Amino acid sequence: MTSAFGAQLGALRGRRRTRWRDLSPMRKREARFGLLFIAPWIVGVLLFALFPFVASFLLSFTKYNIVEPPKWVGLEHYVHMVTDDPLFLKSLRNTAVYVGGSVIIRIVLGFALALLLNTKVRFLGLWRTLFYLPSVVPIVALSVIWLYVLNARAGLLNSLLHAIGLPRVRWFADPDYAMIAFLIMSTTWVGVTMVIFLAGLQGIPEEYYDAAKIDGATVFQRLLRVTIPLMTPTIYLNVLINIISAFQVFTQIFIMTGGAPRDATRTYVLHLFDHAFQYLPPQMGYSSALAWILFIIIFVFTAVIVATSQRWVFYQGGETD
Amino acid sequence: MAAATSPRSILERDGFVRLSRYLSRALLYLLLITMSLWFLAPLFWMFMSSFMPLDQVGVFPVQWIPRVWQPENYTDALKFWNFGITFRNTMFVTIVSLIGDIGSCTLVAYGFARFRFPFRDALFLILLATLMLPFAVRLIPVYAAYEAIGWIDTFYPLIVPNFFGNAFYIFICRQFFLGIPQDLLDAAKIDGASEVRIFTQVMIPLAKPAIVVIAILSFQNSWNDFLGPLIYLKDPDLHTLAIGLYKFTSLPGQGGIYNQQMAASTLMVLPVLIVFFLFQKQFIQGANISGLKG
Amino acid sequence: MFRKSTLLLLVAVMLLAMLSLSAVSAQNPDCEGDVTLTYWHHWGGNRIPLMEEQIADFENNNPGICVDNIFLPWDNRLQNLLAAIAAGNPPDVTMFGRQDLPFFAATESIIPLDDYMAADGIDPAIFHSSEFAGTQFNGKTWLLPLPGGGAFAIAWYNSDHFAEAGIESFPETWEEMLEAAEALTIGDGSFLERVGFNANAVTGFPFLAWLNANGQTWISDDLRAITINNEAGVETLEFMQAMTELNYGIEELNAFWEMSGEFDQGPLIQGLVSIESNGSWTLFQLEDHAETLNYDVAPIPYGPSGRADRRGGAHGGWGYMIPKNAAHPDEAWQLVKWLTTETEGKGACWFIQQQQRPSPLVECNGYEKDGGVHPRAESILGVAALDYLVPVAPVQPEANQILGRMVDDVLFGDSSIVDALASAEAEIQALLDSFWEEYG
């Protein structure tokens with residue numbers, strides 16, 4: 001996606017703008033067909049992206065309870081957020097912990113598993129299927145199952161700890177461990193990144209390794225000098241995708257704890273959701289303001305990662321300009 | 001795990017390859033088995049405990065084999081949860097959404113891939129940019145709009161948007177169309193085929209692999225969707241499986257009938273696992289396209 | 001893979017799905033009428049068949065009116081209702097929590113019933129006055145009550161556990177309650193095997209329930225000022241704290257509660273707790289287990305500032321109301337009357353008596369189910385008599401969250417009792433002020 005992103009940007013820069021009246025009749029006909037084909041998406045983007053984007057920005061300056069028309073309140077919500085809503089900061093902190101933890105888990109563990117499977121192991125397809133399997137399970141069902149896995153008294157995880165001689169942990173009853181519990185649960189989706197990394201690893205030509213071997217590089221050196229650099233585009237893209245989605249973590253937390261205990265698992269989107277759909281009167285305006293802050297945070301993160309990517313992402317054969 | 005020969009000498013003599021033959025292969029498989037257990041144990045326990053008596057579920061450390069097999073957990077769970085209706089609703093939403101997704105995304109992708117028109121690249125950039133928009137930003141205005149036109153408590157909010165293209169699926173499909181050689185199209189054009197015919201009779205059949213991937217992603221999306229049905233559907237006769245299961249269980253502190261909850265979960269998970277095993281390759285392909293290409 | 005047969009199969013499945021979808025309806029197929037009312041309620045579980053019977057009898061007695069009887073789950077009910085009202089397609093009649101009335105009444109999202117009552121000669125005196133009081137806002141009647149708002153906090157206890165622990169009678173005061181609970185709790189000091197009593201698991205809002213049992217209401221009668229930061233508030237939190245500590249602290253207690261079950265598999269039934277505080281509806285569930293469970297009923301104990309004759313706050317309760325924009329308000333009123341005032345047939349009396357609960361109607365408190373009076377029903381009625389009316393805040397849902405956090409602050413040891421009370425009081429008062437500023 002990202003290299004295509006770059007290519008698109010390049011194309012935009014490179015080409016002179018085509019004007020409708022300069023087109024030949026043949027090209028006009030082609031353009032008409034093209035626009036006709038993409039028409040559904042144009043309608044879609046106006047209705048389901050542009051409209052909500054603008055509307056939520058406007059709503060963020062109003063008080064809106066659904067039953068009555070919105071009332072303009074200016075910057076009140078944004079001020080309230082930082083001065084008067086301790087849960088805003090708390091949920092932001094919790095979300096940061098989840099984003100950091102889960103992205104590291106998915107990238108590092110996924111990469112490690114992919115490396116394991118890339119060693120000409122037998123039954124590759126079987127292992128890949130087994131590791132990928134949990135990530136196709138619907139999240140509601142996963143939440144129900146993991147409520148038991150993480151049950152403080154009889155859960156699977158505490159049974160495991162017990163078996164290796166460790167004390168039991170009161171996962172969701174203990175504010176210090178509740179978020180860690182969700183991070184442990186996030187290993188469920190490691191299979192997805194693993195599958196992606198594995199496909200990337202399999203695409204690395206054998207010659208690179210042969211050349212490194214002739215140079216006398218050890219396994220570890222080959223990993224550091226050959227594999228990881230060649231994989232940086234994929235790592236980069238997956239870091240980006242996982243960060244964007246981790247910032248929006250909601251469903252499992254809504255179902256499993258609802259933010260408990262002590263708001264230790266109250267994430268940003270859960271906080272936003274509660275204001276819009278749980279409180280009475282509903283605070284749709286405040287919730288919109290929270291949504292916009294989230295958008296800005298994600299945007300800044302993406303921009304920073306994209307901007308710094310040139311320093312560490314290595315494109316084979318100059319795929320992008 | 002100690003080896004008979006010193007690992008160091010093997011490393012020095014022969015490098016990693018030799019060592020791996022003797023020892024790290026064993027270690028490797030041990031690791032793989034351990035990881036498989038980690039990934040599969042929760043699902044396995046879900047299945048086993050769905051047949052256990054309630055008091056066995058609470059035993060610590062955990063037990064794996066039901067003391068008595070109690071299939072009535074399933075019937076008990078279904079007393080409070082109309083599986084038939086929720087299953088039917090989910091099927092309906094999933095299939096109609098799937099048709100919408102495939103129809104609109106192939107169409108739009110083809111438009112982007114094969115025609116030249118003003119602002120095409122700029123529009124495509126916008127399409128990619130929408131992938132970054134958090135759902136939370138869309139949530140409230142879209143909800144308010146649906147409510148204004150009376151679509152709350154109908155399937156429309158879950159179905160209709162799929163007929164207007166999904167940025168990600170369009171992206172996948174366009175990449176695929178770009179890879180189809182131009183010669184094929186030219187040949188069809190020479191034969192006098194119209195644009196519509198070329199699309200439906202040449203491109204679509206060629207694009208089957210991409211369409212299958214989109215279908216699987218779309219299926220997963222609708223089947224697993226939770227937030228949409230949660231806020232848009234209130235009549236229990238319209239509930240989907242995800243909501244049915246959620247309503248059946250509840251927050252910690254109140255739940256605890258784990259055997260029935262696991263029976264209900266098993267019912268929801270089974271269809272997905274069946275589809276997964278049937279279309280394994282495409283699932284993996286879908287994941288790959290999502291995270292690898294660009 | 002994408003063979004024609006697969007496609008055909010897909011199409012066939014879709015057609016099947018669509019077909020079956022169109023057949024889904026909760027309506028009674030035998031009913032013929034010009035008007036079909038949409039009716040929402042939350043009587044789940046074993047009350048579903050009761051409600052179906054009640055509605056069928058209404059249809060028989062009101063020819064021309066049919067009812068689309070829809071059972072809705074409890075959570076998100078207010079959002080669902082608000083959305084439907086705002087979209088202009090609300091149900092004709094819906095069940096409604098009395099604590100949620102102020103917002104709906106202040107925004108006139110529901111219809112006042114006084115004119116209908118006057119026209120049909122419904123006298124407010126047919127209801128217990130405390131029940132009827134909960135239906136009022138700004139001097140108008142917005143709903144009619146059912147089921148009762150009282151008898152929410154009743155102590156149900158395992159008589160065998162009491163006998164084992166050598167406790168003769170159910171505790172009357174908080175002090176006695178702490179002693180009894182300590183004797184009933186079983187564990188090794190860090191791992192609970194059985195909980196004597198969990199003061200945090202009380203129907204509704206634990207802090208307010210105990211504050212009421214300590215003789216205090218928390219909000220002024222004009223609903224504009226709240227007071228919890230006083231002697232009674234401190235005593236209440238001290239009691240909850242002490243009760244939690246004797247159960248090895250909040251974390252272990254909560255961890256224990258994760259396994260405790262609910263509905264007809266609740267912790268009392270499983271023998272996991274000795275005393276449970278729950279509403280009058282519990283009788284219905286416990287009776288299913290009467291053969292194996294030796295249980296009894298008592299009023300919850302009262303606090304140091306409380307009185308023996310004032311144990312529970314009647315603040316909850318439900319009613320039936322007609323939303324603004326209802327399609328058939330006149331016929332809807334007939335249904336509301338049937339559900340809340342009808343003493344004949346399978347009307348209001350019958351429905352509550354089948355469940356052996358106290359009724360908001362003065363006339364129907366005989367507690368007869370199919371002719372017989374349940375032995376414990378008398379005790380429940382006695383408990384209900386110790387209830388007193390407590391006003392409900394217009395911002396109750398969010399206030400409950402704040403109160404919940406306040407209790408947690410104390411139980412987790414993150415805040416002193418006085419500080420916690422003071423900051424919660426200030427926070428809720430600010431909410432209240434902004435509510436009245438907007439809707440006052």
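**Helices and interfaces in a predicted model**

In helix α3 of chain A, which spans residues 76–84, A:His77, A:Tyr78 and A:Met81 are buried, where buried means under 20% relative accessible area, exposed over 50% and partly exposed in between (1.4 Å probe, protein chains only). These three cover an arc of only 105° around the axis, so they sit on the same side of α3(A); the arc is that of the directions from the helix axis to the C-beta atoms. An α-helix has 3.6 residues a turn, so residues three or four places apart point the same way. On the other side of α3(A), A:Thr83 and A:Asp84 are exposed. As for partners, the buried residues of α3(A) pack against β1 (62–63), α4 (86–117) and α14 (284–312) of chain A. Helices (H or I, at least four residues) and strands (E, at least two) are DSSP runs, numbered from the N terminus.

A word on the model itself: it is predicted, so local features need pLDDT of at least 70 and side-chain atom pairs count only at pLDDT 80 or more, while totals for chains, interfaces and linings use all residues. Residues are numbered from 1 along each chain as its sequence is written, chains are lettered from A and ligands numbered from 1 in the order in which they are written, and side-chain values use heavy atoms, with hydrogens and water left out.

Next comes the meeting of chains B and A. In this pairing, 104 residues of chain B are in contact with 113 residues of chain A, contact meaning heavy atoms within 4.5 Å. The area buried between the two chains is about 9,400 Å², and carbon and sulfur atoms give 79% of it. Buried area is the accessible area (1.4 Å probe) that two parts lose on being put together, summed over both. In chain B, B:Phe39, B:Phe60 and B:Ile140 lose the most area to chain A, together 8% of what that side buries.

Between chain B and chain A the count is 1 salt bridge, that is, a side-chain nitrogen of Lys or Arg within 4 Å of a carboxyl oxygen of Asp or Glu. A:Glu30 and B:Arg116 meet through their side chains in a salt bridge (3.1 Å, N to O). Helix α2 of chain B (residues 16–49) gives the most to the side of chain B that touches chain A, with 17 residues.

B:Val137 counts as buried because its relative accessibility is 1%. Leaving aside neighbours within four places in sequence, B:Val137 is in contact with A:Pro52, A:Phe53, A:Ser56, A:Ala291, A:Trp292 and A:Phe295.

Finally, there is the pairing of chains C and A. Here 31 residues of chain C are in contact with 30 residues of chain A. Chain C and chain A bury about 2,800 Å² between them, with 53% of it on carbon and sulfur atoms. The salt bridge count for these two chains is 9. A:Arg153 forms a salt bridge with C:Glu252, and their closest N and O atoms are 3.0 Å apart. Elements giving two or more residues to the side of chain C that touches chain A include α3 (77–87), β9 (192–202) and α18 (417–439) of chain C.
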